[in-house]
Amino acid sequence: MMNLAIKDIRHKLGRFVLTTVGMSLLLMVVMGMGGIYRGLVEEATLIIDRSDADIWVVQKETKGPFAEVSTLPRNMEERIAAMEGVESARPFVSHTIQRDYHGRVLRLTVQGIPDDGSWLPLVRGRPLSCGHFEMLADKSAKLPLGSELRLGNDTYKVVGITERLNSPAGDAMVFVSLNDALAIRDHQPGEAIRHEREARVRRFEHVAYGSTAVDHAETLRSARERPAALPGLRIGAVLVKVRPGWDVEDVRRRISALPDVMAYTADGQREIMLGGVVARSRRQQALFRKILGAVSAVVMMLVLYTLTLDKIHDIAMLKLLGARQGVIVGMILQQALLIGCLSFALACLIGNWAYPHFPRRVVIVRGDQVVLFAVVVGISALASLIGIRKALRTDVGEVLS
Amino acid sequence: MKEALIAENLCKHYGKGNTSVVALDNVSLALRTGEVVALLGPSGAGKSTLLTALGLIRAPDSGSIAIGGQIVFDNGYRTDPAAFRRKHLGFVFQRANLLPFLTAEENVRLPMELDGLGARASAARARELIESFGLANRRDNLPSELSGGQQQRVAIARALANRPELLFADEPTAALDSALGRLVMEMLRDVAHEHQTAVLVVTHDTRALDVFDRVLKMEDGRICGQERSADVANERSRRE
Ligand SMILES: Nc1ncnc2c1ncn2[C@@H]1O[C@H](COP(=O)(O)OP(=O)(O)OP(=O)(O)O)[C@@H](O)[C@H]1O
Ligand SMILES: [Mg+2]
């Protein structure tokens with residue numbers, strides 16, 4: 001038996017190709033939307049996952065350092081490190097800056113690291129080799145290897161490029177030494193320091209204190225001559241690695257018992273991120289993904305259904321010639337499935353090429369793809385079966401008129 | 001000649017209540033093998049309805065139909081109408097109704113392949129049929145590349161593919177000019193005589209009536225007259 005489906009496709013090749021391409025673009029968008037959703041979740045928890053910390057220690061009463069500002073004194077690191085069950089403690093310093101760079105907006109999340117960063121996924125260049133003025137930049141920052149960037153009083157040179165490291169907001173991450181990160185964050189121009197000192201002197205001038213004139217003059221003099229009172233170095237959080245064999249929750253509870261800090265497990269941090277920081281955009285995208293999915297399903301159904309209806313006359317003729325139902329169903333179903341499968345394959349191809357050019361990360365998960373493929377096949381079959389049902393019900397006598 | 005078809009007391013109405021139309025009113029008729037019969041009548045007389053009933057396309061409300069001695073309808077189908085159509089009946093319509101995505105040859109092969117004949121055998125027979133209708137060089141053309149007359153000839157070839165015992169044609173020449181129309185009628189007659197097939201042709205075209213062995217007249221769902229075609233032709237020439 002000759003294959004009617006293929007012969008029909010060959011006859012209307014242009015239309016077939018257009019339908020397939022159109023449907024593949026639609027599927028590509030659906031896939032992309034799912035990927036963007038996955039990307040959002042992945043980026044949101046990326047730092048937490050990559051930090052390799054069991055416990056996050058933050059300022060008391062806060063859910064920092066991502067959900068809100070958290071500051072801890074620099075020496076908190078040593079205090080925590082000295083506690084029982086703690087293998088290591090390192091400071092977490094991270095903040096986002098926005099600068100103009102050669103006429104474009106550069107948003108960077110500056111992350112201080114306590115070592116040379118050789119554990120980062122470097123794709124080009126090398127880890128940090130000295131304590132100052134070098135940085136590792138993520139590819140998405142589009143800072144070429146060897147380029148220089150002035151931040152605060154200092155110029156930083158890009159010595160290494162990482163891949164797929166973005167902040168929860170999608171900004172490119174750059175890594176510098178801890179001290180450099182603090183210097184960039186706390187940078188004060190000379191004028192600000194002069195103003196601070198002047199304000200201090202003024203304050204003392206107007207306070208009599210009820211003490212002796214000599215004391216007052218002495219206080220004023222020292223206020224004028226002492227260096228500006230810079231705020232003590234503050235860090236955002238302390239990342240704790242628990243000693244093997246110790247219960248993480250146990251150690252966390254012990255740290256949390258300290259009067260000035262709060263401690264979360266990595267999972268706790270993840271929950272804070274997904275349940276708070278990105279919850280709204282996540283919900284929005286999940287909703288949009290569902291709507292898009294439903295709309296695409298309806299569009300695909302309609303396209304395939306009308307494709308079948310267009311053949312109603314031919315189907316009636318086939319019926320008149322005494323074709324078995326199987327022949328007719330086979331012809332329609334084969335075409336619909338072929339269009340569905342080809343569209344899906346094409347969508348994957350186009351997506352492979354297009355997704356890396358999206359401004360935010362698109363993460364294609366195999367499981368999602370399998371589900372989408374099953375849905376596409378299901379819709380193709382369902383749409384054509386509805387069409388076939390109608391076609392088989394039509395009066396054969398219609399051919400006569 | 002033996003009876004190819006015997007139909008008795010066929011009744012058929014469309015619609016319900018006030019809008020109900022009696023399309024067939026106790027129609028009985030017989031066709032003999034190798035006979036070519038014209039069915040004449042005004043529009044709405046029930047000609048197409050009769051054809052679809054005899055062709056097992058639309059079941060009549062009541063009556064009986066026997067084809068080739070086998071009772072196929074007796075107040076209900078006594079056989080699978082689709083399979084019976086495929087094996088024993090051929091149809092030609094006003095429009096050729098060829099499948100647009102198949103070539104002329106493939107269109108002729110289709111009924112044979114639907115009936116399970118192999119590709120080689122069906123292709124050979126299709127070629128033979130197409131050649132006999134003078135279309136050997138148009139075999140691989142799509143219907144859209146053929147003229148109306150050529151398409152109609154392919155349609156007749158397709159109708160004959162499975163060597164049917166009965167061939168039904170509903171105004172097969174309505175879309176053709178009179179010369180071509182006559183040619184097609186003559187082809188149907190030759191088919192009837194050569195293949196010993198009974199052919200029933202619904203037509204409005206009274207100029208080609210001399211081609212037919214018999215002329216049936218229908219009015220208001222009843223067969224109201226039967227003449228030898230020669231008489232009809234004579235009457236016409238007398239009027240002119
Ligand atoms: N599908 C239908 N539904 C309702 N009424 C119908 C239907 N088909 C035909 N009829 C009616 O049945 C009667 C017979 O119709 P039929 O088509 O058999 O006439 P006909 O002789 O073939 O006419 P024509 O020469 O115009 O083709 C007409 O009154 C017509 O209106
Ligand atoms: Mg009619």
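## Chain B and a few ring pairs

In chain B, take the contacts between residues at least 6 apart in sequence: 66% of them join residues at least 24 apart. Please keep in mind that this is a predicted model.

What is chain B built from? It has 7 helices and 10 strands. As for its dimensions, the C-alpha atoms of chain B fill a box of roughly 50 × 50 × 40 Å along the principal axes. A compact globule of 240 residues would have a radius of gyration near 18 Å, and chain B agrees with this because its own value is 18 Å.

Of the 240 residues in chain B, 55% are buried. The accessible surface of chain B is about 10,300 Å², and carbon and sulfur atoms account for 45% of that area.

Next, let us turn to the aromatic rings. How many aromatic pairs does the structure hold over all chains? There are 9. One of them joins Phe133(A) and Tyr156(A): the ring centres are 6.0 Å apart and the planes meet at 65 degrees, so this pair is edge-to-face. The cut-off behind that word is an angle of over 60 degrees between the planes.

Where do these two residues sit? Phe133(A) belongs to the loop between β5 (122-125) and β6 (134-138) of chain A, while Tyr156(A) is in strand β8 (residues 154-162) of chain A; the pair therefore ties together parts that are 23 residues apart in sequence. Phe133(A) is partly exposed, whereas Tyr156(A) is buried.

Another edge-to-face pair is made by Tyr355(A) and Phe358(A), with 5.4 Å from centre to centre and 85 degrees between the planes. Here Tyr355(A) is buried and Phe358(A) is partly exposed.

| Residue | Relative accessible area | State |
|---|---|---|
| Phe133(A) | 37% | partly exposed |
| Tyr156(A) | 0% | buried |
| Tyr355(A) | 8% | buried |
| Phe358(A) | 30% | partly exposed |

The words in the last column follow from a cut-off: a residue is called buried because its relative accessible area is under 20%.

Which residues do ring pairs link into a cluster? They are Trp56(A), Phe66(A) and Phe92(A).

Conventions:
Residues are numbered from 1 along each chain as its sequence is written. Chains are lettered from A and ligands numbered from 1 in the order in which they are written. This is a predicted model: local features need pLDDT of at least 70, side-chain atom pairs count only at pLDDT 80 or more; totals for chains, interfaces and linings use all residues. Side-chain values use heavy atoms; hydrogens and water are left out. Helices (H or I, at least four residues) and strands (E, at least two) are DSSP runs, numbered from the N terminus. The radius of gyration is taken over C-alpha atoms; the globule rule is 2.2 Å times the number of residues to the power 0.38. Buried means under 20% relative accessible area, exposed over 50%, partly exposed in between (1.4 Å probe, protein chains only). Contact means heavy atoms within 4.5 Å. Accessible areas come from the Shrake-Rupley method with a 1.4 Å probe; for residues, only the protein chains shown count as cover. Rings of Phe, Tyr and Trp (its six-membered ring) pair if their centres lie within 6.5 Å; planes under 30 degrees apart count as stacked, over 60 as edge-to-face and the rest as tilted.
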